[in-house]
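Thanks for coming, everyone. Please have the viewer open. I will go through one model, part by part.

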Amino acid sequence: MAVRGSLSTALVLAMTPGATLAAYADGDGRCDPHTFFKIRSLSPRNFFIPRTRYIDGPGGTITVTVTREYEVRAFRETENEQQLVITTGDLVRNLRKMGVPHLEERHMVFTGHEYSRTITKGMYGNMWYRVFGYRIGWSAWSVLGTCKQVEIGSGIANVPARVEGWRYWETRHPMFKGRILSIDGGDPDGDKGAGSGAARPRPRQWQGPALAPLARPSLPRESTSTERARPRRR
């Protein structure tokens with residue numbers, strides 16, 4: 001079980017089968033049939049908002065503002081439901097009861113969140129707006145009247161939380177998905193060449209392979225080593 005932080009105590013208590021059965025068992029050792037959930041893994045996850053990725057530099061200051069509204073929804077990547085249909089809403093509600101109260105099935109991002117950061121000289125500043133959340137491995141269990149537990153579903157859910165904000169990091173070049181976007185030179189304060197905004201010569205277009213002029217084919221020359229026999233005079 002991969003659970004870290006202050007949530008571990010609450011999650012372990014909620015996931016203990018003995019405590020669950022004791023709460024529902026009667027004096028005859030019978031259990032009230034019910035369904036409960038277990039958390040198998042819990043790790044942080046960022047829900048990045050589309051069209052909020054910005055790159056500035058090298059050096060200087062980057063200031064960004066949320067200018068569009070966007071809705072982030074919880075979703076399940078994989079699932080294995082055998083006997084009971086489990087909705088995303090049911091899953092999020094049960095996860096809240098198990099010690100993660102700040103989860104949301106839907107989180108709405110509104111405009112107006114401004115953030116400013118000074119970029120290290122010679123580096124590029126990157127900003128991307130995100131909603132915090134979790135990637136949760138879960139399983140659903142059914143308790144029978146005999147107190148036997150049967151797994152009825154499992155999967156992985158990506159659930160947003162009620163917290164959002166800008167993520168900032170620096171790179172040596174403008175990067176996107178591991179690829180360099182361009183090479184602009186050094187800091188404009190220290191290098192007034194390529195980084196000063198001066199116009200650069202446009203690269204020449206490829207005109208195809210260079211072709212040499214065609215030469216007229218020459219006929220094989222007659223050998224000069226053999227001379228024609230001259231007629232003798234009588």
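Let me start with a question: over the ring of which residue does the charged end of Lys-38 sit? The charged end of Lys-38 sits over the ring of Trp-141, 4.3 Å from its centre. The rule here is NZ of Lys or CZ of Arg within 6 Å of the ring centre and within 35 degrees of the ring normal. There is also an arginine case: Arg-45 lies over the face of Phe-47, at 4.4 Å from the ring centre.

Now the ground rules. This is a predicted model, where local features need pLDDT of at least 70 and side-chain atom pairs count only at pLDDT 80 or more, while totals for chains, interfaces and linings use all residues. Residues are numbered from 1 along each chain as its sequence is written, and side-chain values use heavy atoms, with hydrogens and water left out.

Next, the overall layout. The protein has three helices and 10 strands. These are DSSP runs, numbered from the N terminus: helices are H or I, at least four residues, and strands are E, at least two. The order along the sequence is α-α-β-β-β-β-α-β-β-β-β-β-β.

Of the 234 residues, 31% count as buried. Buried means under 20% relative accessible area, exposed over 50%, and partly exposed in between, with a 1.4 Å probe and protein chains only. A contact means heavy atoms within 4.5 Å. Take contacts between residues at least 6 apart in sequence: 78% of them join residues at least 24 apart.

On to the cores. A nonpolar core is a set of buried Ala, Val, Leu, Ile, Met, Phe, Trp, Tyr and Cys residues joined through side-chain atoms within 4.5 Å. The largest one has 18 residues, and those touching the most other members are Phe-37, Leu-91, Leu-95, Leu-103, Ile-136, Trp-138 and Val-159. At least two residues each come from β1, α3 (88-97), β7 (124-143) and β8. Strand β7 supplies the largest share, four residues. Look at Ile-136. Beyond four places in sequence, its contacts include Ile-39, Leu-42, Leu-95, Leu-103 and Val-159. Apart from this core lies another, of 14 residues, among them Ile-49, Ile-62, Val-64 and Met-123.

Now the aromatics. Rings of Phe, Tyr and Trp (its six-membered ring) pair if their centres lie within 6.5 Å; planes under 30 degrees apart count as stacked, over 60 as edge-to-face, and the rest as tilted. The count is four pairs. One of them, Tyr-54 with Trp-166, is tilted: 6.2 Å centre to centre, 50 degrees between the planes. Tyr-54 lies in strand β1 (residues 34-56) and Trp-166 in strand β8 (residues 149-171), so this pair ties together parts 112 residues apart in sequence. Tyr-54 is partly exposed, at 32% relative accessibility. Trp-166 is buried, at 10%. Ring pairs link Tyr-54, Tyr-129 and Trp-166 into a cluster.

Last stop: Asn-126, in strand β7. Is Asn-126 buried or exposed? Asn-126 counts as buried, at 0% relative accessibility. What does its side chain reach? The side chain of Asn-126 reaches the backbone oxygen of Tyr-124 at 3.3 Å. A polar contact, also given as 3.3 Å, joins the side chains of Asn-126 and Thr-171. That term means a pair of N or O atoms within 3.5 Å; within protein, one must be able to donate a hydrogen and the other to accept it, and residues adjacent in sequence count only if both atoms are side-chain atoms.
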